[in-house]
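Visitor: I've got a model open and want a quick tour. Where do we start?

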Amino acid sequence: MGALDELAGRTVGEFVLRERIGEGGFGAVYRCEQPLLGRQAVVKVLHGRLRGNEVIIQRFLRESLLASRLDHPYASHVYAFGVEKQDGLLWIAMEMVDGVPLDRWLRDRGPLPMADLVPFFERIAEVVQTAHERGIVHRDLKPSNVMVIARAGRLLPKLLDLG
C-alpha cells in the first residue's frame with residue numbers, strides 16, 4: 001500500500017487505526033476501533049503534504065468542529081477530532097456506517113422506485129438544510145458520500161463526509 005500505511009496500528013486520541021479503506025485528495029480514511037467503548041469507527045487523516053498549509057489546517061479544524069455539532073439521524077456522527085502533538089497529524093473520527101454507497105447501490109440494483117426515491121432524497125435535503133442552518137456547507141455531495149441503509153423495510157440515507 002501507499003505512504004500512509006505506516007499509520008496502521010497507530011493510536012490517535014482514543015482510536016486505534018487498523019486498515020486504510022479509502023483515500024481522497026485531502027486525506028486517507030481508516031477503519032478503526034475505539035477500545036474504551038468497544039466500537040468500530042472511521043478516522044480520516046489529512047495527507048502529510050497538506051499539514052504545512054495553515055489555511056488548510058484552520059479549515060480542517062473549523063469544519064471538524066462544525067461537523068461535530070451537527071446532530072441529525074441521517075448524517076454520520078463525528079466522535080472526536082484533533083492534532084497529534086508529536087507530528088501534527090490532523091484527524092477526525094466518525095461513525096462507521098453499515099450500508100452500501102448510493103453509487104454502488106444504483107449500479108447493482110438500478111434506479112430507486114419513485115415511492116422510495118422521494119422520501120430518500122427528502123431526508124438528504126433535510127440533512128443539508130440542517131447543516132446549512134449551522135453554517136456547514138457540504139463541499140462534496142455525491143452518491144459515493146451517501147450510504148444506503150435498510151431499517152424496518154425502508155431505505156434510509158446516511159450522509160457522510162461533512163467535515
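This is a predicted model: local features need pLDDT of at least 70, side-chain atom pairs count only at pLDDT 80 or more; totals for chains, interfaces and linings use all residues.

Visitor: What actually holds paired strands together?

Guide: Strands of a sheet pair through backbone hydrogen bonds, either parallel or antiparallel.

Visitor: OK, walk me in from S1. How many bridges join S1 to S2?

Guide: There are 2 bridges, and the two strands run antiparallel. Val-12 stands opposite Phe-15 in S2. S1 and S2 form a hairpin with 2 residues between them. Gly-13 sits in that turn, with a positive phi of about 55°.

Visitor: And S2 with S3, how many bridges there?

Guide: That antiparallel pair has 6 bridges. Glu-19 has Arg-31 in S3 as its bridge partner. S2 and S3 form a hairpin too, with 3 residues between them.

Visitor: Next pair, S3 and S4. How many bridges?

Guide: S3 and S4 pair over 8 bridges, in the antiparallel sense. Val-29 stands opposite Lys-44 in S4.

Visitor: I'm looking at Val-42. Where is it, and is it buried or exposed?

Guide: Val-42 is in strand S4. Val-42 has 11% relative accessibility, so it counts as buried; the cut-off for buried is under 20%.

Visitor: How far is Val-42 from Tyr-79?

Guide: Their C-alpha atoms are separated by 9.6 Å. Along the chain, the two are 37 residues apart.

Visitor: What sits over the ring of Tyr-79?

Guide: The charged end of Arg-39 does. The distance to the ring centre is 3.5 Å.

Visitor: Change of topic: pockets. How much space lies in the largest one?

Guide: About 1000 Å³. The lining has 36 residues.

Visitor: Which of those lie nearest the pocket centre?

Guide: Val-29, Lys-44, Asp-140, Asn-145 and Asp-161.

Visitor: Which elements supply the lining?

Guide: Several give at least two residues each: strand S2 (15-23), strand S3 (27-34), strand S4 (39-46), helix H1 (54-68) and strand S6 (90-95).

Visitor: Which gives the most?

Guide: H1, with 4 residues.

Visitor: How many bridges join S7 to S8?

Guide: It's 2 bridges, running antiparallel. Pro-101 stands opposite Met-147 in S8.

Visitor: And how many join S8 to S9?

Guide: Strand S8 (residues 146-151) and strand S9 (residues 154-159) are joined by 6 bridges, again antiparallel. Val-146 stands opposite Leu-159 in S9.

Visitor: What's in the turn between S8 and S9?

Guide: The hairpin has 2 residues between its strands. Ala-152 is in the turn. Its phi is near 50°, a positive value in a residue other than glycine.

Visitor: Is Ala-152 buried or exposed?

Guide: Exposed, because Ala-152 has 83% relative accessibility and the cut-off for exposed is over 50%.

Visitor: Last topic, aromatics. How many aromatic pairs are there?

Guide: The count comes to 2 aromatic pairs. One of them is Phe-120 with Phe-121. That pair is edge-to-face, at 5.4 Å centre to centre and 70° between the planes.

Note on methods: Residues are numbered from 1 along each chain as its sequence is written. Side-chain values use heavy atoms; hydrogens and water are left out. On a 1 Å grid over the protein atoms alone, a cavity is a set of points where a 1.4 Å probe fits but cannot get out, and a pocket is an open set with protein on both sides within 12 Å along at least five of seven lines; lining residues have an atom within 4 Å of a point. Grid points are joined across faces, edges and corners, and a volume is the space filled by probe spheres set on the points. Two strands pair if DSSP finds at least two bridges between them. Rings of Phe, Tyr and Trp (its six-membered ring) pair if their centres lie within 6.5 Å; planes under 30 degrees apart count as stacked, over 60 as edge-to-face and the rest as tilted. A charge sits over a ring if NZ of Lys or CZ of Arg is within 6 Å of the ring centre and within 35 degrees of the ring normal. Buried means under 20% relative accessible area, exposed over 50%, partly exposed in between (1.4 Å probe, protein chains only).
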